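Reader: Could you walk me through how to read a structure like this one, feature by feature? I would like the general idea and then the case at hand.

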Amino acid sequence: MSSRTSPTRLYAAADDTFALLFDCDGVIIETEELHRLAYNAAFTEFNLQIGDEPVEWTVEYYDVLQNTVGGGKNKMFFHFRETKGAFPTSEDGKAAPSTPEGEQDLVDRLQARKTDLYKDLIAEKAMARPGVLELMDQALADPTIKVGVCSASTKEAVTKVLDVTLGEERRNKLDVCILGDDVAKLKPDPLIYTTAAERINIDPSRCVVVEDSIVGLKAAKGAGMRCVITYTTSTEREDFYGLGADAKVPELGSRGVSLDMIFGPMKTQLDAEILAGVKD
């Protein structure tokens, strides 16, 4: 990790230091449709069926999942246990698992295959969302701003995304990178963001998170951080302000969001309005 990181002592960073933390999927890159396609491809390979129906996630249903449940395995458990009330048969008629251990094994194998399929899609189609790399580069060039990525996705999946979109040089400059494998609880639990604050030694009130979903917003606000939402077509109808978002924009690039628009007001007053005149 970057030599920009300060010596570790909880929340002892200088008073002029802030942090900018990025979610990955939907923020750095609009990947949700690629995730959905990879899950459905894995479901098809495993020949998953509940009753006479194949398991398939529609665009509309996946929008619900991503705004309700954090982490891929948790999405599958939610689908089978809550939405369908049953686990599927698989692999040409193999009976549905009947024990928690069997359910976990099926979900683990599905997630592993989905990750491989997803990495192939990323290699073909990955492209950073407009404005995100420009804002990240501004932050990386500012010695008073710590920069990190906090994603609920697995290390294997996120590493491929970051390799393709950020490149090795940017990745090496990050002060912190917390992934789903690194924490015991996933978003909307705030643990991923409180862990990041501890590792970079900054009080959460001096951190701004860039997220795209309700799940991510709840995690950021639960950690006591400011949150900017860059919504996507699948999340644009959500009531982000009603749940505490500090600002929302369709894309960072479309509004010309800069580092000073975010942290300039906070340098005068921590709870000052950010992205004034720019946000929706």
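Reader: What percentage of the 280 residues of the chain count as buried?

Author: Happy to start there, and keep in mind that this is a predicted model. Burial is judged by relative accessible area, with under 20% as the cut-off. Here 51% of the 280 residues count as buried.

Reader: How many helices and strands are there in the chain?

Author: The chain has 10 helices and 8 strands. Its radius of gyration is 19 Å, close to the 19 Å that the globule rule gives for 280 residues, so the chain is as compact as a globular protein of that length. Along the principal axes, the C-alpha atoms fill a box of roughly 65 × 35 × 35 Å.

Reader: Among contacts between residues at least 6 apart in sequence, what percentage join residues at least 24 apart?

Author: For that, sort the contacts by sequence separation. In this chain, 71% of those contacts join residues at least 24 apart.

Reader: How far apart are the mean positions of the positive and negative charges?

Author: Take the mean position of each set and compare the two. The chain has 32 positive and 47 negative charges, and their mean positions are 3 Å apart.

Reader: How many salt bridges does the structure hold?

Author: A salt bridge needs a side-chain nitrogen of Lys or Arg within 4 Å of a carboxyl oxygen of Asp or Glu. By that test the structure holds 18.

Reader: Which residue forms a salt bridge with Arg-36?

Author: That is Glu-33, with the closest N and O atoms 2.8 Å apart. Both sit in helix H1 (residues 32-45), and because they are 3 residues apart, about one helical turn separates them. Arg-36 is buried at 11% relative accessible area, whereas Glu-33 is partly exposed at 36%.

Reader: Which helices hold Glu-45 and Arg-113?

Author: Those two form a salt bridge, their closest N and O atoms being 2.7 Å apart. Glu-45 lies in helix H1 and Arg-113 in helix H4 (residues 100-125), so the pair ties together parts that are 68 residues apart in sequence. Glu-45 is partly exposed at 47% relative accessibility, and Arg-113 is partly exposed at 27%.

Reader: Is Arg-237 buried or exposed?

Author: Arg-237 is exposed, with a relative accessible area of 64%. Its side chain meets that of Glu-236 in a salt bridge (3.9 Å, N to O), and Glu-236 is partly exposed at 39%.

Reader: Which residues are linked in a network of salt bridges?

Author: Look at Asp-23, Lys-187 and Glu-211, which are linked in such a network.

Note on methods:
Residues are numbered from 1 along each chain as its sequence is written. This is a predicted model: local features need pLDDT of at least 70, side-chain atom pairs count only at pLDDT 80 or more; totals for chains, interfaces and linings use all residues. Side-chain values use heavy atoms; hydrogens and water are left out. Helices (H or I, at least four residues) and strands (E, at least two) are DSSP runs, numbered from the N terminus. The radius of gyration is taken over C-alpha atoms; the globule rule is 2.2 Å times the number of residues to the power 0.38. Buried means under 20% relative accessible area, exposed over 50%, partly exposed in between (1.4 Å probe, protein chains only). Contact means heavy atoms within 4.5 Å. Lys and Arg count as positive and Asp and Glu as negative; His and the chain ends are not counted. The place of a charge is taken as NZ of Lys, CZ of Arg, CG of Asp or CD of Glu.
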